[in-house]
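Let's take a friendly walk through this structure, one step at a time. Have the sequence and the 3D view ready as you read.

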Amino acid sequence: MSASPAGTPPAAPIIRVTNLSKTFRTLKRKPGFIGAIRNLFSTDYEEIKAVDHISFEIVPGELVGYIGPNGAGKSTTIKMLTGILHPTAGEVVVDGLVPQKERGRNSKKIGVVFGQRSQLMWDIPPGDSFELMRKMYAIPKARFEANLKQFVELLALDEFLERPVRQLSLGQRMRCELVATLLHDPKIVYLDEPTIGMDVVAKERIREFILHLSQERGTTIILTTHDISDIERLCQRVIIIDKGCLIYDGTLAEIKRRYGRLRRVVFSLAEGARPGKLEESLEQLGSGLQAETQEDGNIVVSFDPQQVAALTLTRHIVNSYAVSDLAVEEADLEAIIREIYQQGMER
Amino acid sequence: MTAKPMTGIRESVDRQIGVIAAAVKQGLAYRFEFFTAILGSLLTMTLVYFLWTAIYNNATSMAMSYQALITYVCLGQAFSFARPGQRYIFIRIGFGIRSGNVLLDLVRPMDYQLLIYCETFGAYLLETLLVSLPAYVLALFLFRINLPPSPEAAIGFGISILGAFFLVSSIDFLIGLMAFWTMDIWGVIWGLGYVKIAVLDILAGTIIPLTLLPDWLQAIAAILPFRSMAYTPLAIYVGEITGRAIWMNILNQFAWGIGLVLLTRLIWLKARHRIEIQGG
């Protein structure tokens, strides 16, 4: 990773998560009117394993994508890392501290952005919230001003710094959220869906800033997102969890190499031509080929480049059919991740 | 060696001032609200003024003079802790829990309870300056209420209204904490919130001076902390409580204040434990 270039020994981890588990006990709620009345007196509890024996280590300066489908346990993990939640079992150590035991000291080292929530005071300009953060984190005045100046420049905040937060667009507000989170120079930053609901331009601006934070400031960042292009643009390493369990921890390139069987050939036939027995003829080439006709008439063949060379496949298609257009598409990370979410990962 | 504990204390005080200042700035964004609050205050003052004038005209004997009584009830409205529309602590806590924004408060390097008290104190300062004092000055002219009879009464009123603020804040914080268990924030805000307002109006003596209540109710009010939230400052102002009794009452108020803060502290630690175990 950026903090430990090839040749140097890997740095000691700044975040160490060991066998982390969290079980919630919730009341079973029955539906319906009778059920609602029963619920008033029910003592029928249900145990939900939100996080189940997760372990990983993160070295200083890493930018790690922490992803998984809805309800996978991402937020619960973040809450335990920040010290808000107590683990049911296992341990978290962040920069030498157990966050649950040393809340105060831990909170000064970390910054958290929850994309769906706002820490800015709603009816007054963001500058007032920044000023509050200066006092809250006892940031030396010179440091505060230098940071603010740089962030305002990088994120182009000056055009709306005087406006009350409620009048800001989502993208503008999120830029201010980031500033409020980073003014005290946190060593570790947790970004929980920082690009949610934003248009492409706003997203790109946020991503560029996150990259800057990682590369120029060496901040350790854990990024949670549902937008796979965030991950593709920013992270070298991804941790995927599902149903509370860790199912992948490694580089993006490795995911593509190992699970990128979804390389595709997309082609359309000349007018009047019939695909004929496509499936059968493909089977001759090798295993793992799947063909599917899309609504617009295009035919998509997914294949594993390690089983069948792209050249062999395209040559076969062109020779067998009257093809009017043809393209070979790279493994699409989003599709890979979608498949991983849907099927779980066979390791 | 640096003086580490001193730095820690200075940072902590700075933090509290920062939160109070932020609450004041935030409060100033709602300028219109202050005019409506003054208007509301004057309207309820008018109501209690005519009510008590009518009662007084038909009463055979009263424990308080007419002028003291009118001063008491009008002042009670100007400095009321039972005013609807105040930014009550339990609304702040309730909505924080409902929306999950309480998470943002919990990652700060400041104790949640202290944070909430400071925020409320900022809002309270502003409200005192922009609502209570103007309403009070208007009442001096409109209802011809008394000025404090002595400097001692004025100072005693000032200290004791501040003491009342801390008592009310602790009660509000306790009510707010209920939301951590029930998750039924509407029940907490509208149910318990209105119970609190009613209790303040009756047992604290906001609308009826406690000395005019039946003996048995007075006896109950005397052993509860609520009397310190309105009756004590108001009775000091009008001269019902004088001399040494002023300071005894203020002492009593502070004893209750410390007791309630300790109690809320205990319950808050339980509530926090609950979040840690159960989740947000």
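In chain B of this predicted model, helix H2 (residues 31–58) packs against helix H6 (residues 112–142) at an angle of about 40°, and their axes lie 9 Å apart. Helices here are DSSP runs of H or I with at least four residues, numbered from the N terminus; axes are lines fitted to C-alpha atoms over the stretch in contact, with angles from 0 to 180 degrees between N-to-C directions.

Which residues of H2(B) and H6(B) make the contact? H2(B) brings Phe34(B), Ala37(B), Ile38(B), Ser41(B), Leu42(B) and Met45(B), while H6(B) brings Leu130(B), Val131(B), Pro134(B), Ala135(B), Leu138(B) and Ala139(B). Contact means C-beta atoms, placed from the backbone, within 7 Å.

Now look at where the two chains meet: 24 residues of chain B are in contact with 22 residues of chain A. On the chain B side, H1(B) supplies the largest share, nine residues.

A few notes on reading the model: residues are numbered from 1 along each chain as its sequence is written, chains are lettered from A and ligands numbered from 1 in the order written. Local features need pLDDT of at least 70 and side-chain atom pairs count only at pLDDT 80 or more, while totals for chains, interfaces and linings use all residues.

Note on methods
Helices (H or I, at least four residues) and strands (E, at least two) are DSSP runs, numbered from the N terminus.
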